Amino acid sequence: MKENYPQDMHQPETISWHRKHLLDIDDFSISEYDLVIKTAGVMGGILSRPIKKVPALRGRTIATLFYEPSTRTRSSFELAAKYLSADVVNLAASSSSITKGESLIDTLHTLEAMGVEIIIMRHPLAGACHLAARHAKSSIINAGDGGHAHPTQALLDMYTILKHKPAIAGLNIVILGDSRHSRVARSNIWGLTAMGASVTLCGPRSLLPIGLTPRHPLYSKIKLETDILRALEGADVVMALRMQKERQAAGLIPDIREYVSQFRLTSDRLAVAKPDALVMHPGPVNEDIEISFEVASGSQSLITEQVSNGLAVRMAVLYLISGGSKE
């Protein structure tokens, strides 16, 4: 498939970024979304080469600071930084002075004293990355904060959709599962609606957002649905969310078997969507719970492609946050 993205790393139009941090995308302009997506296209071109490494961030030091376990996001950011020739420091809460009581602010200052310029941070508490940005001299990139936001996941999802659809505007997109507690859903809702998509959130009533009153800025842009067949009818994109075990423990769903019987994305249910509907999932997938194995591995599934596209998007974010190539 042909992509209409620039392939020259040094084209001046790809550098027009004014944010020091990437904390959320709820206040992004359309031009900012476009810039990230176009720059990710450049990075995708680099990743298609036999030798993927470029010197764009040579001499820069980047740290990953994760207070929660992560495989995909953390390794994706680490590889992205290394492909751009940055030096990378990895810090996990379970194996650092954090376990001895060191505060978040102290940890940030320690990293900065070592010369770290960009800190990629995941934290279980919503707003922790905003707090870090207020106290840090380094740039902060939010890799997920509680149930609040996961901006690079939403950006890579948008980038993935645009590799298969001419535009996001006008698409009917269904987000299936626990959208009440999902940072992935929240960031995607902001990004997709800003780009002109119609978004339907489908799941048990106990897992759908609350407080969506007429005064809410998204009130007229999203639809809540508890019937999966009604939600999927005519859908262009279906994005299933990972079901967290703690939702059952909290009594928000009767049990996993009940959820599977009502909301698992199967071939029969997907058949009511458009014939060329795309299937997505932020991963990791609970096999045969959110999506049947047949659908997850089928021709409409972009789950594996999302992982590779995440690398290009995170390269783009690091490149833009750093101010672009200094070569």
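A polar contact is a pair of N or O atoms within 3.5 Å; within protein, one atom must be able to donate a hydrogen and the other to accept it, and residues adjacent in sequence count only if both atoms are side-chain atoms. The views below show a predicted model, in which local features need pLDDT of at least 70 and side-chain atom pairs count only at pLDDT 80 or more, while totals for chains, interfaces and linings use all residues. Residues are numbered from 1 along each chain as its sequence is written, and side-chain values use heavy atoms, with hydrogens and water left out.

View 1. A polar atom of the histidine 123 side chain lies 3.1 Å from the backbone nitrogen of leucine 125. Histidine 123 has a relative accessible area of 10% and is therefore buried (buried means under 20% relative accessible area, exposed over 50%, partly exposed in between, with a 1.4 Å probe and protein chains only). Apart from neighbours within four places in sequence, histidine 123 is in contact with Tyr67, Glu68, Ala128, Gly144, Asp145, Gly146 and Arg183 (contact means heavy atoms within 4.5 Å).

**View 2. Crossing of helix α5 (residues 151-162) and helix α6 (residues 183-194).** Helices (H or I, at least four residues) and strands (E, at least two) are DSSP runs, numbered from the N terminus. The axes of α5 and α6 come within 8 Å and cross at roughly 50 degrees, which makes α5 oblique to α6. Axes are lines fitted to C-alpha atoms, for helices over the stretch in contact, and angles run from 0 to 180 degrees between N-to-C directions; those under 35 degrees count as roughly parallel, over 145 as roughly antiparallel, 65 to 115 as roughly perpendicular and the rest as oblique. Pro151, Gln153, Ala154, Asp157, Met158 and Ile161 of α5 meet Val184, Ser187, Asn188, Gly191 and Leu192 of α6. By class, this contact of α5 with α6 has six nonpolar, four polar and one charged residues (Ala, Val, Leu, Ile, Met, Phe, Trp, Tyr, Cys and Pro count as nonpolar, Asp, Glu, Lys and Arg as charged, and the others, Gly among them, as polar).

**View 3. Crossing of helix α2 (residues 72-83) and helix α12 (residues 303-321).** The axes of α2 and α12 come within 8 Å, crossing at roughly 55 degrees, and the two helices are therefore oblique to each other. The crossing of α2 with α12 is right-handed. Residues of α2 that meet α12 include Phe77, Leu79 and Tyr83, and among their counterparts in α12 are Leu311, Arg314 and Met315. The contact of α2 with α12 has nine nonpolar, three polar and two charged residues by class.

**View 4. Serine 85 in the loop between α2 and β2 (87-92).** Phi of serine 85 is near 75 degrees, a positive value in a residue other than glycine. With 17% relative accessibility, serine 85 counts as buried.

**View 5. The loop between β9 (278-280) and α11 (293-296), with proline 284.** The peptide bond from glycine 283 to proline 284 is cis, with omega near -10 degrees. Aspartate 288 is placed in the loop between β9 and α11, and its phi is near 65 degrees, a positive value in a residue other than glycine. At 35% relative accessibility, aspartate 288 counts as partly exposed.

Notes. A crossing is left-handed if the near helix is turned anticlockwise from the far one by less than a right angle, and right-handed if clockwise.
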